[in-house]
Amino acid sequence: MDHVRLSDGVVTLTPFGPADIDAHLAGEDALLVRWLNGGPSTRAGVEEYVRRCTAQWVYRGPARVFGIRTGPEPVLAGTIDLRFAMPCLGPGQVNIAYGLYPAWRGRGLVTRAVRLVCGYAAQEGAREGVIRVDPENLASAAVARRAGFRYVGHLPEPPGIPLDRYVRELAEIPAGARTAAAHAV
């Protein structure tokens, strides 16, 4: 788990872990609660989430959650999740979900993080990235488009929540870029 480190020189992704709990709780705002978390976080809830995330990394489960970090002394700016198995996914697809804390928005960090996890997911065997976005979440839809994803439709998802779906063939990422972006450094 600790050896996974993806970086493009501006953004660094490493597994989300216990050292991230305080920064996550401090960074959460109403937009993260609305679009990603489903409700305000509690310390106990985040601690349990980190335990599940750690187990997924240790046992190579279908969920991989990265902390998005930036700066010379990498500071946690948000999270990005990969889900290699979900009822809404087909064979070879990986779901990508992301959120940044308010102080870090508008700097292109999530677009960079999406590109990095696409390379990682391809190396893990995924062939297509999927980003599902609430139609009202214009910022997340813009990230998907900037990262090369194309809109494929407004699809109802269980339990009946309509989401816009964006996809990108991971094979579209040039082989050299995929290797350079997603290697463990």
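Tutor: Two strands count as paired if DSSP finds at least two bridges between them. Strands themselves are DSSP runs of E with at least two residues, helices are runs of H or I with at least four, and both are numbered from the N terminus. The model is predicted, so local features need pLDDT of at least 70 and side-chain atom pairs count only at pLDDT 80 or more, while totals for chains, interfaces and linings use all residues. Residues are numbered from 1 along each chain as its sequence is written, and side-chain values use heavy atoms, with hydrogens and water left out.

Student: What makes S6 and S8 a pair, and in which sense do they run?

Tutor: Strands S6 and S8 share 6 bridges in the antiparallel sense, and the criterion asks for at least two, so they are a pair. Within this pairing, Val133 stands opposite Asp164 of S8. Strand S8 also pairs with S7 (residues 150-157), again antiparallel, over 7 bridges; there, Pro156 has Pro162 of S8 as its bridge partner.

Student: What is the order of the strands in the open sheet?

Tutor: The order of the 8 strands is S1-S2-S3-S4-S5-S6-S8-S7, with mixed pairing.

Student: Why are S1 and S7 called edge strands?

Tutor: Strands S1 (6-7) and S7 are the edges: each of them pairs on one side only.

Student: Why is Asp164 called buried?

Tutor: Buried means under 20% relative accessible area, exposed means over 50%, and partly exposed lies in between (1.4 Å probe, protein chains only). Asp164 has 11% relative accessibility, and therefore it counts as buried. Asp164 belongs to strand S8 (residues 161-169).

Student: How do you know that the side chains of Asp164 and His154 make a polar contact?

Tutor: A polar contact is a pair of N or O atoms within 3.5 Å; within protein, one must be able to donate a hydrogen and the other to accept it, and residues adjacent in sequence count only if both atoms are side-chain atoms. The side chains of Asp164 and His154 are joined at 2.7 Å.

Student: What makes a group of residues a nonpolar core?

Tutor: A nonpolar core is a set of buried Ala, Val, Leu, Ile, Met, Phe, Trp, Tyr and Cys residues joined through side-chain atoms within 4.5 Å. The largest one here has 34 residues, and those with the most contacts inside it are Leu13, Phe66, Ile80, Ile96 and Val114. Helix H4 gives the largest share of this core, 10 residues.

Student: Which residues are buried in H5, and what do they pack against?

Tutor: Ser140, Ala141, Ala142, Val143 and Ala144 are buried in helix H5 (residues 138-146). The buried residues of H5 pack against S5 (93-100), H4, S6 and S8.

Terms used. Contact = heavy atoms within 4.5 Å.
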